[in-house]
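Here is a friendly walk through one protein model, from its sheet to its core and a few backbone details. Keep the structure open beside the text as you read.

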Amino acid sequence: MSRLALVRDPRFLNHITPDAHPESPQRLAAIDTAFVKAALDNSVKQLEPRSAMEDEIALVHKASYIEQLQDDTKRASGGSLVQLDADTFMSGATFDIAKLAAGAGLTAIDAIKSGEHDSVFVAVRPPGHHALIDKPMGFCLFNNIAVSARYAQLSGYKKVMIIDWDVHHGNGTQWAFYDDPSVFFISFQQYPFWPYDSGWYTEDGSGEGRGYNMNIPLPKGTGDRGYLSAFDQLVKPVCREFQPDLIMISAGYDAHQDDPLGQQNITTSGYAMLTQRVRDLSFMTGAPAVVFLEGGYNTRSLSDSAIATMRVLNARDEGETGAVHASYLMPAAAGISEHVTGDRNPALVDERIREVRQHFGKFWPTLR
Ligand SMILES: [Zn+2]
């Protein structure tokens, strides 16, 4: 069985944002270059995405919103950009490219379903996790991962776990599934941080969905130690108890220590280790993993970290995974500890993890 597939398409570069906007076409160009440089093109199958149909996007978004965006993109033709909110823009090609970005996830689900692949990396822009059902937000137009989760459920993956490690809260995804116990949403974020009106752990779901929305708010300066510790103490046990049919990752790389927007302290090696945790969950539950690109605005750390994720997912065995980790470690750190970076305030990180654990113990016996 071939392991990892990559969904990519040069058309994603055609969504234009203003000069100096952090969410630039160069982000994906850098990942493409790094992919070839890492020789992953020899072993990773590349899949061309299809466009999502409007009724598929409407699994999550309001039909009136889809129509509104179509009208907005027309106003952008002729080279001018249309501004949708403080930092979200459309160029003439954007509506079609956003449909392609949503469709890339559907291509990934089909690839998993065929049994040919057990993991897929979906390298798209515009990103999706801030998009609300009726509103664009924070560079996002359609919520790519949410649309794919609904499509996956129709394809037979009834229980979906979405893990969002972007530095920002995945508010759009949270609200899309807030009352739904069939989609367990877990989001790590720098807190307090943009968007300032969501992301605290008491937002735990509503109605039947209570307990199926877990926010892990981490203080500024949290590094590999804090993220991995939160993953091991919170995500792993609830995943074992929930037993998802499919694991989806909103993989932003803007919690990297070199990112210009976030103030977290994850290293490239840290992303490799987080990905290994995802592989472990996949192995434990038998659920395949689909990884969606979200943020990440230093093209170097973004592309290095995205490639680290792909290399771990594509590794044949533990030895190969170990070699992937070692290749990102400084010589002095290799073999000493897997925690490349600590936390600026480890006591506060540990306290926060304890609070989340205690709060969710009400819903998940494994956390008591
Ligand atoms: Zn982000």
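A residue is called buried here if 20 or more other C-beta atoms lie within 10 Å of its own, and exposed if 12 or fewer do. Please keep in mind that this is a predicted model.

## The sheet

Let's begin with the sheet. It is an open sheet of eight strands with parallel pairing, in the order S2-S1-S5-S10-S9-S6-S7-S8. The edges are taken by strand S2 (45–47) and strand S8 (213–218); each has a single partner strand, so one side of each is left without a neighbour in the sheet. On average, and ignoring direction, neighbouring strands of this sheet are turned by 15 degrees against each other.

Elsewhere in that order, strand S1 (residues 4–7) pairs with strand S5 (residues 119–122) in the parallel sense, over four bridges.

## Strand S6 and its two partners

Is strand S6 (residues 160–164) largely enclosed or left open? Five of its five residues are buried, so the rest of the structure largely encloses S6. In a regular strand the side chains alternate between the two faces of the sheet. In S6, Val 160, Ile 162 and Asp 164 point one way, while Met 161 and Ile 163 point the other way, and all are buried.

S6 has parallel pairing with strand S7 (residues 183–190) over five bridges, and also with strand S9 (residues 246–251) over five bridges. Val 160, for its part, stands opposite Val 183 in S7.

To get from S6 to S7, follow helix H6 (residues 171–176): S6, H6 and S7 make a right-handed β-α-β unit. S7 is mostly covered, with eight of its eight residues buried. Val 183, Phe 185, Ser 187 and Gln 189 point one way from S7, and Phe 184, Ile 186, Phe 188 and Gln 190 point the other way. S7 also runs parallel to S8, joined by six bridges, and the bridge partner of Phe 188 in S8 is Ile 216.

In soluble globular proteins, nonpolar side chains tend to be buried together. In this model the largest nonpolar core has 107 residues, and those with the most contacts inside it are Val 122, Ile 247, Met 248 and Val 290. Helix H4 (residues 94–113) gives the most to this core, with twelve residues.

What does Val 290 touch, leaving aside its neighbours within four places in sequence? Its contacts are Gly 105, Ala 108, Ile 109, Ile 112, Val 120, Val 122, Ser 148 and Met 248.

## Glu 56, a buried acidic residue

Glu 56 is in helix H2 (residues 54–57). Because Glu 56 has 21 C-beta neighbours inside 10 Å, it counts as buried. Not counting residues up to four places away in sequence, Glu 56 touches Leu 106, Val 147 and Tyr 151. Glu 56 and Ser 148 are 92 residues apart in sequence, with their C-alpha atoms 8.8 Å apart in space.

## Helix H9

Helix H9 covers residues 299–314. At 1.5 Å a residue its 16 residues should span 22 Å, and the end C-alpha atoms are 22 Å apart, which agrees. Of these 16 residues, 14 are buried, so H9 is largely enclosed by the rest of the structure.

## Two positive phi values

Phe 139 has phi near 75 degrees, a positive value in a residue other than glycine. Phe 139 is in the loop between S5 and helix H5 (144–154), and counts as buried because it has 26 C-beta neighbours inside 10 Å.

Gln 243 also has a positive phi, near 55 degrees. Gln 243 is found in the loop between helix H7 (224–242) and S9. With 12 C-beta neighbours inside 10 Å, Gln 243 counts as exposed.

Technical notes:
Residues are numbered from 1 along each chain as its sequence is written. This is a predicted model: local features need pLDDT of at least 70, side-chain atom pairs count only at pLDDT 80 or more; totals for chains, interfaces and linings use all residues. The expected span of a helix is 1.5 Å times one less than its number of residues. Two strands pair if DSSP finds at least two bridges between them. Axes are lines fitted to C-alpha atoms, for helices over the stretch in contact, and angles run from 0 to 180 degrees between N-to-C directions. A nonpolar core is a set of buried Ala, Val, Leu, Ile, Met, Phe, Trp, Tyr and Cys residues joined through C-beta atoms within 7 Å. Two residues are in contact if their C-beta atoms, placed from the backbone, lie within 7 Å. A crossover is right-handed if, with the strands pointing away from the viewer, the path from the first strand over the helix to the second runs clockwise.
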